[in-house]
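Student: I would like to learn how to read surface patches, cavities and pockets in a model. Please take them one at a time.

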Amino acid sequence: MTAVETADEAQRYDPRGIQDKWQAHWAAVDPFRASDDPADPRERFYLVDMFPYPSGDLHMGHAEAYAIGDAMARYWFLRGKNVLHPIGWDAFGLPAENAAIRNNTHPIDWTYKNIETQAASFRRYATSFDWSRRLQTCDPEYYRWNQWLFLRFFERGLAYRKGGYVNWCPQDQTVLANEQVVNGRCERCGTEVVRRVLTQWYFKITEYADRLLADAAVLEGNWPDRVLTMQRNWIGRSTGAEVHFAIEGRAEPVTVYTTRPDTLYGATFFVVAADSPLAAELCSDTQQAEFEAYLSQVRKLTDIERQSTDRPKTGVFLGVHAVNPVNGESIPVWAADYVLPDYGTGAIMAVPAHDQRDLDFARQFNLPVRVVVATDGADPAATGVAAPGDGVLVNSGPLDGLSKAEAISRIIEMLAEQDLGTAAVNYRLRDWLLSRQRFWGTPIPIIHCASCGEVPVPEEQLPVVLPDLRGADLAPKGVSPLAAATDWVNVECPKCGGAALRDTDTMDTFVDSSWYMFRYCSPGYEGGPFRPDDWPAGPRWTCTSAASSTRSCTCCTRASSPRCCRTWGWCRSASRSPG
């Protein structure tokens, strides 16, 4: 082709016209629509991308991430599989609400406009999505099932309210998950986060801690070790003992949890979480001013910062003493930030010779360090390095000469005989705090009645739809804007017919995104969030995740591991090799 011919060809090429023509054709043909026909002979393959947040149009990060899933879907499609590659939008949450407030518009208008913009961009990218299964988590047809699931949890005692410490953003006036706090600041607005006590809704995920650990064991060899290690550390199961310490001036003892009850004779001081009610209760009048000043500083720290081993240890003496139950020794009680109020009982016995954080604290405040386990190491008081390892017990009365395991068994027996303690199991895992004091989220389907208490919304009344509130002030005020929607809030109690109030908190956006992959398999299903025959009991789809770059599940080739399939819903059966 000559230069003239090339120039003529370039002049004739109309990229916009070509795009419009073929996009219209692809939309009509819908080539990547997955088939639900049981007679379809093709093997089924399910690929899920992490769905986007509609904060604006797509950017190059989206293009990169979704290109990976697109390539995988096309590869398996061309290999002859019946590929399910759906798309949806994670549409509730703070960013959309804050953006709508800044732009003087309503979150629903802002969100759906951005969704349509992103959908149009995805179509221009020519991504291989099955558009027939599209969902938006802000659709009442979707969040109805958030509420349905909440009611099932509530019926079983797995959804409950309690007072507890939360991360609070003073700017956004709402609770934040730990993942939404970065370097002590709100990831969305950059405001310094504080800790405060609120009565909130929780999901009782701690009920499943041991099952999650068992699942991690089943998945060994099929997931990266670092991922399984993260799960085990997140759950943080430990065994030890609960020990009761008498406190001067207090009628009831304070119970602590410890994984090393064998070191009780080495406990030389007692530490209480500074922001726990116990610390305020125990503080003497003479130490009150110093304690209050310290507490104001602690409330600015996140849990992650407080548990960092790199931070200098801080604390304040509370002016009272505890009694070591095994030797009757009087030991000082301190408030400190490295103990968390919601781990264990919010109090610890400090054994500085054999715990590095306790040793750092002891050296900071010139507290005694007593070795009670001979580990053939140097004196921790001199080196500043704790000796946490195994060894023979010393300076421990009847435990002297015993190994760690023998001493733990014996000390638990001794404590139980004197009603001073018992064997116990503890977890680092915490229940899921899901309340948010903002408008743009799933309404919690509970009605509060002065006579009947917490009453679930009848299932036939779902979904509890967000009121429109167009023109209302949605700016954060510390309580949900839903509280101002009096016509929506004031209802009859479903049990007694008396005057009652709807719950005005909304659900954490992570509730929406915790189960969307199930809904893709049963779009439009009205009998529940998903059809059980579709997923996970005998799912029809072999599943993989482009976001995590994992391959198809291989564990189901092991006859001893059918549980993985039931738990994760990845393969059709334990006896069938994955595709």
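Tutor: Start with patches. Patches are made of residues with over 30% relative accessible area and no salt bridge, and nonpolar side chains are joined within 5 Å. Keep in mind that this is a predicted model.

Student: Which residues make a nonpolar surface patch here?

Tutor: Tyr13, Ile18, Trp22 and Trp26 make one of about 410 Å². Tyrosine 13 sits in the loop between α1 (3-12) and α2 (15-29).

Student: Now cavities. How many of 30 Å³ or more does a search of the whole structure find?

Tutor: A cavity is a set of points where a 1.4 Å probe fits but cannot get out. The search finds one of 30 Å³ or more. The largest cavity has a volume of about 40 Å³.

Student: Which residues line the largest cavity?

Tutor: The lining is formed by Phe32, Ala73, Arg74, Phe77, Val83, His85 and Ser128. Helix α3 (residues 60-78) gives the largest share, three residues. By class, the lining has four nonpolar, two polar and one charged.

Student: And pockets? What is the volume of the second largest pocket?

Tutor: A pocket, unlike a cavity, is an open set of points. The second largest pocket has a volume of about 750 Å³. Its lining has 26 residues, and the closest to its centre are Thr259, Tyr343, Ile348, Asp355 and Arg357.

Student: Which elements give two or more residues to the lining of that pocket?

Tutor: They are β11 (254-258), β15 (347-350) and α12 (356-365). The lining of this second largest pocket divides into 10 nonpolar, 10 polar and six charged residues.

Key. Residues are numbered from 1 along each chain as its sequence is written. This is a predicted model: local features need pLDDT of at least 70, side-chain atom pairs count only at pLDDT 80 or more; totals for chains, interfaces and linings use all residues. Side-chain values use heavy atoms; hydrogens and water are left out. On a 1 Å grid over the protein atoms alone, a cavity is a set of points where a 1.4 Å probe fits but cannot get out, and a pocket is an open set with protein on both sides within 12 Å along at least five of seven lines; lining residues have an atom within 4 Å of a point. Grid points are joined across faces, edges and corners, and a volume is the space filled by probe spheres set on the points. Helices (H or I, at least four residues) and strands (E, at least two) are DSSP runs, numbered from the N terminus. Ala, Val, Leu, Ile, Met, Phe, Trp, Tyr, Cys and Pro count as nonpolar, Asp, Glu, Lys and Arg as charged, and the others, Gly among them, as polar. Patches are made of residues with over 30% relative accessible area and no salt bridge: like charges are joined within 9 Å, nonpolar side chains (Val, Leu, Ile, Met, Phe, Trp, Tyr) within 5 Å. Accessible areas come from the Shrake-Rupley method with a 1.4 Å probe; for residues, only the protein chains shown count as cover. A salt bridge is a side-chain nitrogen of Lys or Arg within 4 Å of a carboxyl oxygen of Asp or Glu.
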